[in-house]
Amino acid sequence: MTTPGALPVVVLLCCLLYTAAAARLRHRGDRWPVRRDAGFWLGGGLLVAAFAVPWQAWLPPFTAHMAAHLTAGMAAPLPVVLARPVTLALRTLPAPGRRALVALTRSRPVTALVFPPVAAALDIGGLWLLYRAPLSPALHHHPLLYVHLFAAGTLFTFALLAVDPIRHRPGLPLRAGTLLAAAAAHAVLAKGLWAAPPPGTTPTPSDLHLASQVMYYGGDVVEIALAVLLAGQWYRAQGRALARRGAARPRGVLSRRQRPQEAPP
C-alpha cells in the first residue's frame with residue numbers, strides 16, 4: 001500500500017496546530033482537558049496507520065484492505081470528533097477568523113451535510129457503492145480513497161455526536177435512530193460480503209470470510225461506542241432537566257412524594 005508523501009506531514013501539522021491552540025487556551029487561564037489533545041493525536045495516528053502500517057504482512061490481502069478501511073473510516077474519526085476541533089478553533093481564532101468559521105458552520109450547505117440522515121447516507125452509501133458497484137478494483141487501493149473514508153466517517157460522527165456548535169442541533173431521538181439505521185446497513189453489507197466479493201475482485205473464500213468478519217465486528221465496536229456516548233448525552237440532558245425543574249419549584253412547596261401522608265380515619 002502506497003502512502004502519499006504529504007499525508008503524514010499534513011496530519012502532523014494539524015496535530016501540532018491543535019496542540020498549540022490548546023496550549024494558548026490554557027495559558028490564558030481557560031480550561032481545556034488534556035484528553036482532547038490525546039484524542040486528536042490518536043485520531044491522526046490512526047489515519048496515518050491506515051496508510052502506513054504493512055497490514056498485508058500480517059493479514060490476507062482483502063482482509064488487510066478491510067482493516068485499513070475500517071481504521072481510516074470508523075476508528076480514526078471518533079477520537080478526532082471527541083477532541084472538539086471546531087470548538088477549539090472558535091475559542092482561539094482572532095475575531096475575523098471566528099466570524100468566518102461561524103458563518104461557515106451556519107451556512108445552508110453545512111447544515112444540510114451535518115443533518116444525521118444525510119451524513120449517514122454519504123458515509124454508509126459510499127461503502128455500499130465501493131463494495132457493490134462495478135468499480136475498478138484499483139480504486140480499492142487508491143490512497144485518496146482512504147482520505148475520503150476518513151472525511152465521510154468524520155462527517156457522520158460529527159453529525160451524530162453534535163459535540164461541536166452547529167446550527168439546529170438535531171434531537172437525540174433522531175441521532176439515535178440514524179445510528180441504528182446506519183449500523184443495520186453496515187451489518188447487512190458486511191454479511192453480504194461473506195457471500196460475494198466486490199465486483200472485479202477474486203479473494204479466496206477464507207480471506208473473504210475473514211474480511212467480512214473484520215468489517216462486521218469492527219464496525220460493531222465503534223457503533224457500540226457511539227451508542228454509549230449518545231446514552232451519556234441523554235443521561236446528562238435528563239439530569240439538567242430535573243435540576244431545572246427542581247430550581248423552578250417555589251421554596252417551601254413539597255412535591256407529592258415529599259408531602260406527609262394523612263393518617264387514615
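This briefing covers the cavities inside the structure above. The model is predicted: local features need pLDDT of at least 70, side-chain atom pairs count only at pLDDT 80 or more, and totals for chains, interfaces and linings use all residues. Residues are numbered from 1 along each chain as its sequence is written, and side-chain values use heavy atoms, without hydrogens and water. The structure holds two cavities of 30 Å³ or more.

**Terms**
- A cavity is a set of points, on a 1 Å grid over the protein atoms alone, where a 1.4 Å probe fits but cannot get out; lining residues have an atom within 4 Å of a point.
- Grid points are joined across faces, edges and corners, and volume is the space filled by probe spheres set on the points.
- Helices are DSSP runs (H or I, at least four residues), numbered from the N terminus.

**Largest cavity**
- Its space is about 110 Å³.
- Its lining includes Met66, His69, Asp123, Tyr131 and His186.
- Helix H3 (61-75) and helix H8 (116-132) each supply at least two lining residues.
- H3 gives the most, with five.
- The lining has seven nonpolar residues, three polar and one charged. Here Ala, Val, Leu, Ile, Met, Phe, Trp, Tyr, Cys and Pro count as nonpolar, Asp, Glu, Lys and Arg as charged, and the others as polar.

**Second largest cavity**
- Its volume is about 90 Å³.
- It is lined by 14 residues, and Met74, Asp123, Phe156, Val222 and Leu226 lie nearest its centre.
- H10 gives the most to this lining, with four residues.
- The lining divides into eight nonpolar, four polar and two charged residues.

Notes. On a 1 Å grid over the protein atoms alone, a cavity is a set of points where a 1.4 Å probe fits but cannot get out, and a pocket is an open set with protein on both sides within 12 Å along at least five of seven lines; lining residues have an atom within 4 Å of a point.
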